[in-house]
Amino acid sequence: MQTTPWHSRFVFVLALLLPVYFAGSALGTKFGLWSWQTGLGTLIAKVGPLLLGGVALAALASFVVCVFRKPRKGWLLALLAIVIPATAFGALAMVRAQAGAIPPIHDIATDTANPPGLSAATLAARDASDANPINDYQTPLGEIDMWKESDPEIAGKSHAQLITSAYADLAPLPLGSTSQADAVAAVAAAMEDMGFDNVVADTEAGRVDGLAETFWFGFKDDVTARVAENQIDFRSISRVGVSDLGANAARIEELRANVEKRLNP
């Protein structure tokens, strides 16, 4: 009785271990086993494609052998071992394309002229975690250390200009007849429902703060809402990294929608 060739079984196992490697790289960052630069920049962005390419080539070789050498068994396992890294390559390519289409910033607000400020407690927490500095929205990026080496087209624009251009639909939430106290409570409830940590509502100051954390890498983003007399403005700021790949804007959109449902059931 003919058995499946060892090489097709071997490359299939290697392919199955690829998701484990990528998940481990991300979770290792989340649980503090290594820095986010190591987890994302090295293990995934640099080593990851090499592993994907190596497994794909080995699987292709196994597939060719299985197809052209009798008894022609094991080709399906080898084919699956090609599909898995190819799919991962496609996912990485989509992330790269997304990164190229989104401004390389990590601080987003619905009011670019006067963005909501963070509470003293949040600022202290950011300082304690060695987080990114809070930058002025009107300063051209090229004048800020983090973006000094940026493309001239980006370096000449400010946060306000990039946010307005890339996220034109991002807008404050009108209060209507809702009281400030009810609006603050609605924002706090929405943050809690979205799984934010350290949600603190200050009705007197008209501010609600929360901490959002991504599942895989454990990236922490500070979120604040400013409840004024006529509208609610939102701001979301990453603690680490340069580009947020649109995560902060997406979070603001989701939070705004959740608050709106509570104000207008």
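Modeller: Helices (H or I, at least four residues) and strands (E, at least two) are taken here as DSSP runs, numbered from the N terminus. The model is predicted, so local features need pLDDT of at least 70 and side-chain atom pairs count only at pLDDT 80 or more, while totals for chains, interfaces and linings use all residues. Residues are numbered from 1 along each chain as its sequence is written, and side-chain values use heavy atoms, with hydrogens and water left out.

Rings of Phe, Tyr and Trp (its six-membered ring) pair if their centres lie within 6.5 Å; planes under 30 degrees apart are stacked, over 60 edge-to-face, and the rest tilted. Trp6 and Phe10 make a tilted pair, because their planes meet at 50° with the ring centres 6.4 Å apart. Both belong to helix H1 (residues 6-30), and because they are four residues apart, about one helical turn separates Trp6 from Phe10. For exposure, buried means under 20% relative accessible area, exposed over 50%, and partly exposed in between (1.4 Å probe, protein chains only). Trp6 counts as exposed because its relative accessibility is 60%, whereas Phe10, at 47%, counts as partly exposed.

The pair of Trp36 and Phe219 is edge-to-face, with 80° between the planes and 6.3 Å centre to centre. Trp36 lies in helix H2 (residues 36-68) and Phe219 in the loop between strand E4 (207-213) and strand E5 (220-227), so this contact ties together parts 183 residues apart in sequence. Trp36 is partly exposed at 28% relative accessibility, and Phe219 is partly exposed as well, with a relative accessible area of 21%. Ring pairs also bring in Phe217, giving a cluster of Trp36, Phe217 and Phe219.

Another kind of ring contact involves a charge, which sits over a ring if NZ of Lys or CZ of Arg is within 6 Å of the ring centre and within 35 degrees of the ring normal. Lys30 meets this condition over the face of Phe215, at 4.7 Å from the ring centre.

Two strands pair if DSSP finds at least two bridges between them. E4 and E5 are antiparallel and share seven bridges, with Gly210 standing opposite Val223 in E5. The two strands form a hairpin with six residues between them, and Gly218 in its turn has a positive phi of about 70°. On to strand E6 (231-238): E5 and E6 run antiparallel and are joined by seven bridges, including one from Thr224 to Arg235 in E6. E5 is mostly covered, with six of its eight residues buried.

On a 1 Å grid over the protein atoms alone, a pocket is an open set of points with protein on both sides within 12 Å along at least five of seven lines, whereas in a cavity a 1.4 Å probe fits but cannot get out; lining residues have an atom within 4 Å of a point. Points are joined across faces, edges and corners, and the volume is the space filled by probe spheres set on them. The largest pocket has a volume of about 1200 Å³. It is lined by 34 residues, and those closest to its centre are Leu40, Val95, Phe217, Phe219 and Leu245. H1, H2 and helix H3 each supply at least two lining residues, and H3 gives the most, with eight. Counting Ala, Val, Leu, Ile, Met, Phe, Trp, Tyr, Cys and Pro as nonpolar, Asp, Glu, Lys and Arg as charged, and the others, Gly among them, as polar, the lining has 24 nonpolar, seven polar and three charged residues.

Leu245 deserves a note on its backbone. Most residues other than glycine have a negative phi, and most peptide bonds are trans. Leu245 is not a glycine, yet has a positive phi of about 55°. It is found in the loop between E6 and helix H8 (247-263) and is partly exposed, with a relative accessible area of 31%. Arg72, also not a glycine, has a positive phi of about 55°; this residue is in the loop between H2 and H3 and is partly exposed at 43%. That loop also holds Pro71, which a cis peptide bond with omega of about 10° joins to Lys70.
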